[in-house]
Structure formats: C-alpha cells, structure tokens
Amino acid sequence: MSERHDVLIVGGGLVGASLAIALDRLGRDVALLEASPAGALPAVFDQRNLSFAAATVNALTALGVMQKLEGPPGPITRIHVSRAGDFGRVQMHAADYDRPWFGQVVVARDFGNALEARLQELPRLCRYRPLRFLGLGPVVDGYRQVQVADADGERTLQARLVVGADGTQSAVRQALGIPAERHDFQQTLFVARVRGQRAPDGTAWERFTDTGPTALLPRGDRHFGVVHGVARDQAEAVMALDEAAWLQRLQSAIGWRAGRLLASGPRSAYPLVQVLAQALAGERAVLLGNAAQTIHPLGAQGFNLGLRDALTLAELLEEGGDAGSDALLRAYVDRRDEDRRQTIAFSGGLARLTSNPSPLLRPLRSLGLVATQATGLQSMLVGGAMGFRGQVPRLCRGEAA
C-alpha cells in the first residue's frame, strides 16, 4: 500500500531538514526522505565552517534550532577584505549599522546535531530512513508518484508536492529532466580549524589571490575556521603538505592578522563547481538549495540562499490549499527570482573578477575597493551579505514563528 503525504522532502541535509522544521507548525502532512540511517548524520555535516547571515540567524532562532547548538557560535562583528597585489581594502563594522554582528560562524557538525535534536521534537513528521530515491512516476489524482527503495525492496510513495533538497547532484532534478548549467572554477577549496597566536576578536579576514580566496573566520571555540582556495592542479600537492608546511602556506596567503598560526586540524578539500538548474519547478515538484543552485562560496551565501528558498516555500504553503498546485509553484519561482539572480551574480562575478591575474584589472579592482570603502555602495553590500535581498521571508526579518 502506498503512503501519501502533502509534502515529501527528498534530502535530510541543511536545507531539507530546515524546511521540515519550518513546515511542522503548519499542520501539513510532511515526510522527510533521508539516505542516512537513524543515529548517523549526512556527510555534509562535517567540520567545515558555515557563515550564517543575520537573516539566517533570525530564522533559525525562530525555528528553535540555534538554541540547540552545543557550542557557542562565533559572531562576525567586523569584515576586512583585501586582495594580494592590489591597493585598497574594505572594512565594515557591524556597529556602524546599529547591529551587534553581521552574522555568526557555526561548525557544520554542530549545526547537524542541532537540526537532529530539533527534528526529534516533531511528533507529526514522518521520517523515511534510510531510503533511496529512485525516480518519479506520473501524477495520479493530484499526487506525484515517487519510487524509493530500502533493504526490503522497492515501493512507491505519493505526495502533493515533491521537494528536491538532495544537493548538487540532485537525483530529483535529473528525474524531472531539468538541465543544469555548470561552470568549473578550476579551484579547490580547503577548510580546516586553525589556532592562532591571537584568539578571534570577531573579525572575518578575507584575502583574494589569483588562485582563489583565503579567509579566517572567527569561531566560537577561540579558533579560526580557515578557508583556502588553490588552483585545481595544486590541490593534490597542498593536501599532501605536512602541518608545518600547510600552516606556512596559510601564513603567506593571509598574513599576520591573527599573529602566528600555531596549529591546524585535519583539512578537507572541495572542488569549486557552480551548478545552476535551468528551472526551479516541474509538475508537482520544486528544487531548493544546492539542488537548485550550487554557487561559489565567496561571500558565504550558499546555505543562506538555500534557507531563504525553504522559508519562502513554507510561507506559501502556510496559505493553505493544494501544496503542489501550479499557482503555488509559479508564485514560488516568482518570489525567488530577484534574490537568486542577484546572489548568483554577486558570488560568481566576484569570484571571476578577484581571481583574474590580468595586470590590466589590478587598478580597476583597487579603485573598486577604495570606492566601496568610501561610498554608500558598502551599505548595499552589507544588506545583501546579511540576507536582506529581494522578498525576504518573514522569519528572516526576525518576525515571530
């Protein structure tokens, strides 16, 4: 016998789990399809550092997730941006905008544990785990047929709305036949936990180079989260460096802003490839988060953008009616257009501009840094970086859940 739901979320990662929590208060029949078994977190919840924009912190607090964090987040009270070989810099202080901070840094694993703790408090949520998504069938009597499998074999679930929140290589997107535009930045991003001679003071340092960005992010455990971009053909050699050589490389890239870098935890590597779905919705199906757009991490907007996808959908579902109607899906696509388009343009464009080694661009970039520091353009950048772009979901604005 087939199980029927209003909403079936495929993917229990950052965005899928957040959407499930947001939908719980609506009284909808919601199911979450997860590849990981009970007691195990998805692989995405590793030691990477997540920079939550202020809008994201607002929403996750309203949803009761931030309160579940085991360790304190690291507030970003100041942002310092520069580029190797160019003059000029941009410095932004949250206090200048009457804000206590621009955002907060959270370790992905800690966030995963907080989401799981919150999910366990939702008695109405149906969780299928571990379960594999196999494909989509036809729409029958207003329900999309969804083929799945577990250790006992294959079966069919049904949903008014299927949500693809299953990551960059989204099987839901492929099942819908939605093409994706790919751009390989030919860069690999390394992330690690680093201890410096000086403890974090709330400053996020970002330094651009020809081969990608390097950033020191203030964590809440008196360490820095380091992000270091390298050319793809150097990645294997960088991964092979011993700790001393790795720290020396980081020191050369970021300078002495945190004093001497003293120790590093294990490093992880992620190839940087932008993947943009050419449509966000199909018949009784919608794409969110990395399934809809996997963007360059410059500006740390990936999860923040995906969460705004989820909360926009939740707001539309709050209005009642058929969860997968054409009208609802059209409204979703329309409301996400401005935020999605501008965020993709910002992250991708900035990545291309800052990593271009052409000497002809150096004076232009330098003048841009100077102009940004001296003009009202900085306010626009701050607003976008904090997640207040386009039609901002209500919970992101700090309004009650």
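Visitor: How do the residues lining the second largest pocket divide by class?

Guide: This is a predicted model. In it, the lining of that pocket has six nonpolar, three polar and five charged residues.

Visitor: Which residues lie closest to the centre of the second largest pocket, and how much space does it hold?

Guide: The pocket holds about 210 Å³ of space. It is lined by 14 residues, and the closest to its centre are Gly71, Pro72, Val107, Asp110 and Arg219. Two elements give two or more residues each: β7 (103–107) and α3 (108–119). β7 gives the most, with three residues.

Visitor: What makes a space a cavity rather than a pocket?

Guide: A 1.4 Å probe fits in a cavity but cannot get out, whereas a pocket is open. The count comes to four cavities of 30 Å³ or more. About 40 Å³ of space lies in the largest cavity.

Visitor: Which residues line the largest cavity?

Guide: Its lining consists of Ala22, Arg25, Leu311, Ala314, Glu315, Pro393 and Leu395. By class that is five nonpolar, no polar and two charged. Helix α7 (residues 302–318) gives the most, with three residues.

Visitor: Why is Val15 called buried?

Guide: Its relative accessible area is 10%. Buried means under 20%. Val15 is therefore buried.

Visitor: Where is Val15, and what does it touch?

Guide: Val15 sits in helix α1 (residues 14–24). Leaving aside residues up to four places away in sequence, Val15 touches Leu288, Gly289, Phe303, Gly306, Leu307 and Ala310. A contact here means heavy atoms within 4.5 Å. Val15 and Gly167 are 152 residues apart in sequence, yet 9.1 Å apart in space, C-alpha to C-alpha.

Visitor: Why does Gln186 count as partly exposed?

Guide: Gln186 has a relative accessible area of 47%. Partly exposed runs between the buried limit of 20% and the exposed limit of 50%. The value falls between these limits, so Gln186 is partly exposed. Gln186 belongs to strand β12 (residues 180–196). Its phi is positive, about 55°, although Gln186 is not a glycine.

Visitor: What makes Arg222 exposed?

Guide: Arg222 has 61% relative accessibility. Exposed means over 50%, so Arg222 counts as exposed. Arg222 lies in the loop between β14 (212–218) and β15 (224–231). Arg222 also has a positive phi, about 70°, and is not a glycine.

Visitor: Which peptide bond is cis, with omega near -10°?

Guide: The bond from Arg129 to Pro130. Pro130 is in the loop between β8 (126–128) and β9 (132–140).

Technical notes: Residues are numbered from 1 along each chain as its sequence is written. This is a predicted model: local features need pLDDT of at least 70, side-chain atom pairs count only at pLDDT 80 or more; totals for chains, interfaces and linings use all residues. Side-chain values use heavy atoms; hydrogens and water are left out. On a 1 Å grid over the protein atoms alone, a cavity is a set of points where a 1.4 Å probe fits but cannot get out, and a pocket is an open set with protein on both sides within 12 Å along at least five of seven lines; lining residues have an atom within 4 Å of a point. Grid points are joined across faces, edges and corners, and a volume is the space filled by probe spheres set on the points. Helices (H or I, at least four residues) and strands (E, at least two) are DSSP runs, numbered from the N terminus. Ala, Val, Leu, Ile, Met, Phe, Trp, Tyr, Cys and Pro count as nonpolar, Asp, Glu, Lys and Arg as charged, and the others, Gly among them, as polar. Buried means under 20% relative accessible area, exposed over 50%, partly exposed in between (1.4 Å probe, protein chains only).
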